[in-house]
Amino acid sequence: VERIHQQEAGLTHQLLEGIRDFTGLRIYGPQEAVDRVGVVSIGIDGLNPQEAASILDENFHIETRAGFHCAPRMHQALGTDARGGTLRLSAGAFTTSADIGAAIAALRDVTTAVTGAS
C-alpha cells in the first residue's frame, strides 16, 4: 500500500508541475502533491468540464471525469457550479509516468487551442 501511495504521489506531482503554468487552466485544491491524494481537479477557460472530457477522450484517448463528483456544495463554494463542476484527472496503481506525460501534452494542446496562448 505504501508503494502505491508513493507512486501516486509522484505521478500527481508530475501532473501538477506539468500543468501549473498553462494559460487558461486552473488547478483547484492544494497546489502541492504532498497535500493531495492522486486526484487533480481542473478547469479550462472557455470549456465546460464535459466538453473538455469529451475532447480528451475523442482526440487523445484520455479518460477523465467531469461534473460535480458527488459534491455539489463544494462546487458552490469553489464557484464552479455554474460551469458544471470540474474536470478530474487521477493517478492510480496502474498509471505510468508516460500516461501522465500524455495527459500533460494533451492538456497543453487543448488549452492552447482554446486560449490561443502557447
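Ala, Val, Leu, Ile, Met, Phe, Trp, Tyr, Cys and Pro count here as nonpolar, Asp, Glu, Lys and Arg as charged, and the others, Gly among them, as polar. This is a predicted model, in which local features need pLDDT of at least 70 and side-chain atom pairs count only at pLDDT 80 or more, while totals for chains, interfaces and linings use all residues. Residues are numbered from 1 along each chain as its sequence is written, and side-chain values use heavy atoms, with hydrogens and water left out.

Select the sheet to begin: four strands form an open, antiparallel sheet in the order E1-E2-E4-E3, where strands (E, at least two residues) and helices (H or I, at least four) are DSSP runs numbered from the N terminus, and two strands pair if DSSP finds at least two bridges between them. The edge strands, each pairing on one side only, are E1 (25-28) and E3 (65-67).

Next, select Leu11, Thr12, Leu15, Gly38, Val40, Leu89, Ser90, Ala91 and Ile100, which line the second largest cavity. A cavity is a set of points, on a 1 Å grid over the protein atoms alone, where a 1.4 Å probe fits but cannot get out, and lining residues have an atom within 4 Å of a point. This lining divides into six nonpolar, three polar and no charged residues, and its largest share, three residues, comes from H1.

Finally, select His75, which lies in helix H3 (residues 72-78) and is buried, with a relative accessible area of 4%; buried means under 20% relative accessible area, with a 1.4 Å probe and protein chains only.

Terms used: Buried means under 20% relative accessible area, exposed over 50%, partly exposed in between (1.4 Å probe, protein chains only). On a 1 Å grid over the protein atoms alone, a cavity is a set of points where a 1.4 Å probe fits but cannot get out, and a pocket is an open set with protein on both sides within 12 Å along at least five of seven lines; lining residues have an atom within 4 Å of a point.
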